[in-house]
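Good morning, and thank you for joining. I would like to take you through one model, beginning with a term that the rest of the talk relies on.

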Amino acid sequence: MALDDVYKALRSAMICFNAAVMAAGITLVGLAVWVKVGSTSFVRVMGSSFIYFAHTWDFGIAAGCLIIVLGLLGCWSAYKENRCLLMMYFATMLLIFVAEISVVIAVLAFTPFIRSFVQDKALQTLKKKYGGYKYDNIVSYGWNSYMLRQNCCGVHNYTDFKGSAFQKHTNLTYPRSCCKDPKSFDCNGTDINSTIIHMEGCFPKMMTFIWRKTSMMGGIAIMTTLLEVAAMVVSLTLYVKLE
């Protein structure tokens, strides 16, 4: 009787943990989709080269979907008390766990590179492809929208426009989107004054956006990883008890 109670407790724990794992997987997918959609403005600001960086959120979507499937497998294997399914579940979950840890280590190791990459690509795109205020190409639209919304100017500041395609085309020092009031008479593209233009660059706000979204994804990933560890322990214990 006591042994039956142990089986029931382990099976119930397995089902509960995997239900939580599925919920975490659904949350991870939803958050990754939300972040990916929100990255559209970054693709415009940084050009086509950022598309590949934006695809990193696809890993979160894929991982979340796989976690949902594994959660279902875990619930089913516990319900059926099938040792083969339990071992397959444990092995697959272990592989995912190792992959997640590897990704975390890689992200931490390449953090300086990511910062440098964002800065260089943003500046390169601004200098080569930005056309000006109300210019109709996608990069110009993205930069104008971002600078107006974030109250910033250029990557570092207004000096980023020096020698740019924008300056060569217009002979102006900065575009109207750098101004605190783009419709103001004082916003003439030549007068440099903190009362007229935003002196702060957009790069710090770009990094804040990236780290905020990454932190949210990381928080969900950590919670999911803890649930995975608990589910693996229970599945292995149940596997042994079913001998």
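A residue is called buried when its relative accessible area is under 20%, exposed when that value is over 50%, and partly exposed in between. Please keep in mind that what you see is a predicted model.

Let me apply the term at once. Phe 161 has a relative accessibility of 0%, and therefore counts as buried. Phe 166, at a relative accessible area of 2%, is buried too. These two residues form an aromatic pair of the edge-to-face kind, with 5.6 Å from centre to centre and 70° between the planes.

How many aromatic pairs are there by this rule? The count comes to four. Another of them joins Tyr 130 to Phe 166: the ring centres are 5.7 Å apart and the planes stand at 55°, so this pair is tilted. Tyr 130 sits in the loop between α6 (111-129) and α7 (138-150), while Phe 166 belongs to helix α8 (residues 165-170), so the pair ties together parts that are 36 residues apart in sequence. Tyr 130, like Phe 166, is buried. Taken together, ring pairs link Tyr 130, Phe 161 and Phe 166 into a cluster.

I turn now to the annotated spans. According to the unreviewed UniProt entry, the annotation "transmembrane region" covers residues 12-35, 56-79, 85-111 and 216-240.

Leaving aside residues up to four places away in sequence, Val 35 touches Trp 57 and Lys 213. Val 35 and Thr 214 are 179 residues apart in sequence, yet 8.8 Å separates their C-alpha atoms in space.

The second residue is Ile 15, which also lies in helix α1 (residues 2-38). Here the relative accessibility is 31%, so Ile 15 counts as partly exposed. With Trp 76 and Tyr 79, Ile 15 forms a nonpolar patch on the surface, and together the three have about 330 Å² of accessible area.

That concludes my presentation; I welcome your comments.

Conventions. Residues are numbered from 1 along each chain as its sequence is written. This is a predicted model: local features need pLDDT of at least 70, side-chain atom pairs count only at pLDDT 80 or more; totals for chains, interfaces and linings use all residues. Side-chain values use heavy atoms; hydrogens and water are left out. UniProt positions are given in the numbering used here, feature names are shortened, and annotations may be inferred rather than shown by experiment. Patches are made of residues with over 30% relative accessible area and no salt bridge: like charges are joined within 9 Å, nonpolar side chains (Val, Leu, Ile, Met, Phe, Trp, Tyr) within 5 Å. Accessible areas come from the Shrake-Rupley method with a 1.4 Å probe; for residues, only the protein chains shown count as cover. A salt bridge is a side-chain nitrogen of Lys or Arg within 4 Å of a carboxyl oxygen of Asp or Glu. Helices (H or I, at least four residues) and strands (E, at least two) are DSSP runs, numbered from the N terminus. Buried means under 20% relative accessible area, exposed over 50%, partly exposed in between (1.4 Å probe, protein chains only). Contact means heavy atoms within 4.5 Å. Rings of Phe, Tyr and Trp (its six-membered ring) pair if their centres lie within 6.5 Å; planes under 30 degrees apart count as stacked, over 60 as edge-to-face and the rest as tilted.
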